[in-house]
Amino acid sequence: MTITSPTAADPTPVSLRRRIELSVDGQPVTVHEGDTLLDACRQVGVEVPTLCFLETLAPVNVCRVCVVEVEGSRTLVPSCSRKAEPGMSVQTASDRVRTSRRMVLELLASSVDLSLAGDDVQRWIAEYGARADRHGPAAAPAAAGERDRARPGHHHVGDGLSAATVHQPAKRDNELYQRDYSRCILCYKCVEACGEDAQNTFAIAVAGRGFDARISTEFDVGLPDSACVYCGNCIAVCPTGALMFTSEADLRAEGAWDEDRQQVTRTVCPYCGVGCNLELHVQDNTIVKVTSPLDHEVTSGNLCVKGRFGFQFAQARRAAD
Ligand code: SF4
Ligand code: SF4
Ligand code: FES
């Protein structure tokens, strides 16, 4: 998806920015001042894997799977946030770049359940030769709450035979969405969406340090006792299925979730005058989840609790008809 309007990272109108010339893998490319190296790569059709990047959020640079090599730079640079500069010579597929991306993908695949992270992630794992099995079989999952009680600096050394993981039981403490942190890659997207990039509720943040770092509410209280307003904007940006509508999670658990049988209908939220666009995902005549288009210049994929979750009335009405 290409967003040409001003972004959170650079609010200057695109038409007012200077043009910059650089090269990507030897190909000349011209971008606007303020554009990133990722923008330049995409412009010449070079695919760069990304995990923590999203066009509607300010870059946080945490996954480092998007690194590229810039001539004259000592370290690899994250292309999703590094601004293009005149005369830069960028390499996207050098040995250093491929090794670094492989390491990121391999460590994530060995410690996190990436099975719902999408086809691109599975393809990158294969293309970069990331071998999670090199780290041994997965260690036993943590008990419920165990990772949330971890104290900074108290991480246990592994046994050297199995791969440490973030596996733990999914959290289901409300009717609307579940949090399965066995699938969490700590991309921070949910934190950004809940915070100053969209919702400004700050219900969730990263707690802990190192391998024990995890997404948490304040003092690890359940969502109903937290500041959460159930807008679901965190679910909308989560790339791995860690955050999921309960309706989707239940259907998946039954083996009944089937996107090939789903129809997506775009409509306007009926609740207030903002008029947010809704995408109703319907399976077997039942709304199973609601999203909103990311490229909408007013809402950027965000909704409130009513638009996101308040669809039962439509189904109750249909059942009564
Ligand atoms: S539902 Fe909204 S308020 Fe609650 S954690 Fe997610 S983004 Fe924050
Ligand atoms: S819960 Fe999802 S969005 Fe939040 S950090 Fe984990 S993977 Fe990223
Ligand atoms: S996508 Fe660039 S650091 Fe994550």
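Trainee: What conventions apply to the numbering and to the confidence of the model?
Mentor: Residues are numbered from 1 along each chain as its sequence is written, while chains are lettered from A and ligands numbered from 1 in the order in which they are written. The model is predicted, and local features need pLDDT of at least 70, side-chain atom pairs count only at pLDDT 80 or more, and totals for chains, interfaces and linings use all residues.

Trainee: How many helices and strands does the protein have, and what is its radius of gyration?
Mentor: Helices (H or I, at least four residues) and strands (E, at least two) are DSSP runs, numbered from the N terminus, and on that basis the protein has 8 helices and 12 strands. The globule rule, 2.2 Å times the number of residues to the power 0.38, is set against a radius of gyration taken over C-alpha atoms. For 321 residues the rule gives 20 Å and the protein is close to that, so it is as compact as a globular protein of that length, with a radius of gyration of 21 Å.

Trainee: How many residues of each domain are in contact, and which classes make up the side of domain 1 that touches domain 2?
Mentor: With contact meaning that the C-beta atoms of two residues, placed from the backbone, lie within 7 Å, 22 residues of domain 1 are in contact with 23 residues of domain 2. Ala, Val, Leu, Ile, Met, Phe, Trp, Tyr, Cys and Pro count as nonpolar, Asp, Glu, Lys and Arg as charged, and the others, Gly among them, as polar. On the side of domain 1 that touches domain 2, the residues divide into 16 nonpolar, 4 polar and 2 charged.

Trainee: What is the strand order of the open sheet of 5 strands, and which helix packs on it?
Mentor: Two strands pair if DSSP finds at least two bridges between them, and in this open sheet of mixed pairing the order is β2-β1-β5-β3-β4. The edge strands, each pairing on one side only, are β2 (27-32) and β4 (77-78). Axes are lines fitted to C-alpha atoms, for helices over the stretch in contact, and angles run from 0 to 180 degrees between N-to-C directions. Touching β3 (67-70) and β5, with a direction about 160 degrees from that of β3, the helix that packs on the sheet is α2 (residues 95-111).

Trainee: Which residue in the hairpin of β1 and β2 takes a positive phi?
Mentor: β1 and β2 pair in the antiparallel sense over 6 bridges, and L22 has V29 in β2 as its bridge partner. The hairpin has 2 residues between the strands, and the residue with a positive phi, near 50 degrees, is D25.

Trainee: Which residue of β12 stands opposite L280?
Mentor: An open sheet of 3 strands, with antiparallel pairing, has the order β10-β11-β12, and its neighbouring strands are turned by 30 degrees against each other on average, direction ignored. Strand β11 (residues 277-283) is joined to β10 by 7 bridges and to β12 by 5 bridges. The residue of β12 that stands opposite L280 is V290.

Trainee: Which residues are closest to ligand 1, and which helices each supply at least two residues of its shell?
Mentor: A residue is near a molecule if its C-beta atom, placed from the backbone, lies within 6 Å of it; 13 residues surround ligand 1, the closest being C194, T201, C228, C231 and C234. By class, this shell has 9 nonpolar, 4 polar and no charged residues. The helices that each supply at least two of its residues are α4 (189-194) and α5 (233-237).

Trainee: Which residues are closest to ligand 2?
Mentor: The shell around ligand 2 has 11 nonpolar, 1 polar and 1 charged residues. Among the 13 residues that surround this ligand, the closest are C184, C187, C190, C238 and A242.
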